[in-house]
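Okay, hi everyone, thanks for coming. Let me put the structure up on the screen, and then I'll walk you through it.

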Amino acid sequence: MNSISFPDGTQVPALGQGTWMMAEQPAQRASELAALRAGVELGLTLIDTAEMYADGESERLVGEALRGLREQVFLVSKAYPQNASHKRLPQACEASLKRLGTDRLDLYLLHWRGRVPLAETVEAMEKLVEAGKILRWGVSNLDTLDMQELIAAGGAACATDQVLYNLTRRSPEYDLLPWLLSRSIPVMAYSPIEQGRLLANTRLREVAVGLNATPAQVTLAWVLSQNQVMAIPKAGSVSHVQENRLAADLHLSASDIAALEAAFPRPSKRIPLEML
Ligand code: NAP
């Protein structure tokens, strides 16, 4: 599988696993645990979660899934904006670590921008790095101007921007992705299959049939074909994880890409970054 480099040289697989909406239905728990573990075995070792997801239960589920597997995984969690202050970020981080059953996060993200000044969040993140609680930090849902402000506020060590990006959400291509790329900051694409809403699209299905692949695989392969972009689909079953893993090996020809680009054109003007 292709790997993506963070600015500090650490490499991770381009395809990972998301966990939003996990741990919400007790009846799904066994399937979700099995899916996460199967994903790690298949090489999807980047796992994304957040204190917000299922009010902390998603982190608990990830912790349970990773028993015995923690060292194989690049673990990402996120803090609420209201927790991104000097005082509250260490507490939020400690609570996440406890729920995840680990002593450090590989990457800790500001979930979206709130009222805490970016400079304060940067300092609080750097202190967590110094304390060994997190190995690196980044942000999520920050558009180009916010990113420029972050860097100006001392945030040059930002490791990634996790943003909504898929065939129907191409606004980041206008200026955010080029800006990040020019600074060697990789992008983490969330909701890469648009939470399933994309899959019924007729033109996407035509491309998938031509490739003997599924629409989900084509949408993921398209995201993964972008430079320095990771994708973190959420899959609640082993069969979906297996299907998604194969997307990382799916080659889209120039004509496949042209068909997708015609069906889902890139924006011709700047559109503010969308978020879910
Ligand atoms: P997504 O990954 O685009 O879509 C998830 C949905 O697609 C689920 O309903 C899943 O169903 C389905 N699915 C997965 N694989 C499939 C397949 N092969 N065939 C058919 N359906 C499939 O959406 P997402 O969960 O919103 O985004 C992914 C992750 O990004 C999240 O889980 C979260 O970790 C992160 N995220 C971050 C933010 C942020 O603000 N930073 C916002 C949203 C999401 P099953 O569950 O039945 O497999």
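**Around the ligand**

So, let's start with Ile193: one of its polar backbone atoms sits 2.9 Å from an oxygen atom of the ligand. Before I go on, please keep in mind that this is a predicted model. Okay, next one along, Glu194. Here a backbone N or O atom is 3.2 Å from a ligand oxygen. And then there's His240, which uses its side chain instead: a polar atom there lies 2.6 Å from an oxygen atom of the ligand.

How much of the ligand's accessible area does the protein cover? On its own the ligand has 900 Å² of it, and the protein covers 87%. And if you're wondering where we are on the protein, the ligand takes up the space of the largest pocket.

Now, who else is around? There are 26 residues around the ligand, and the ones that come nearest are Asp48, Lys234, Gly236, His240 and Asn244. By type, the shell splits into 10 nonpolar, 11 polar and 5 charged residues. Which helix gives the most to that shell? That's α9, residues 238-247, with 3 residues.

Searching the whole structure turns up 20 of them. Let me show you one: Asp106 and Arg70, whose side chains meet with an N to O distance of 3.0 Å. Asp106 is in the loop between α3 (88-100) and β5 (107-110), while Arg70 is in the loop between α2 (57-65) and β4 (74-79), so this pair ties together parts that are 36 residues apart in sequence.

That's my tour, happy to take questions.

Terms used:
Residues are numbered from 1 along each chain as its sequence is written. This is a predicted model: local features need pLDDT of at least 70, side-chain atom pairs count only at pLDDT 80 or more; totals for chains, interfaces and linings use all residues. Side-chain values use heavy atoms; hydrogens and water are left out. A residue is near a molecule or strand if one of its heavy atoms lies within 4 Å of it. A polar contact is a pair of N or O atoms within 3.5 Å; within protein, one must be able to donate a hydrogen and the other to accept it, and residues adjacent in sequence count only if both atoms are side-chain atoms. Accessible areas come from the Shrake-Rupley method with a 1.4 Å probe; for residues, only the protein chains shown count as cover. On a 1 Å grid over the protein atoms alone, a cavity is a set of points where a 1.4 Å probe fits but cannot get out, and a pocket is an open set with protein on both sides within 12 Å along at least five of seven lines; lining residues have an atom within 4 Å of a point. A molecule sits in a cavity or pocket if more than half of its atoms lie within 2 Å of its grid points. Helices (H or I, at least four residues) and strands (E, at least two) are DSSP runs, numbered from the N terminus. Ala, Val, Leu, Ile, Met, Phe, Trp, Tyr, Cys and Pro count as nonpolar, Asp, Glu, Lys and Arg as charged, and the others, Gly among them, as polar. A salt bridge is a side-chain nitrogen of Lys or Arg within 4 Å of a carboxyl oxygen of Asp or Glu.
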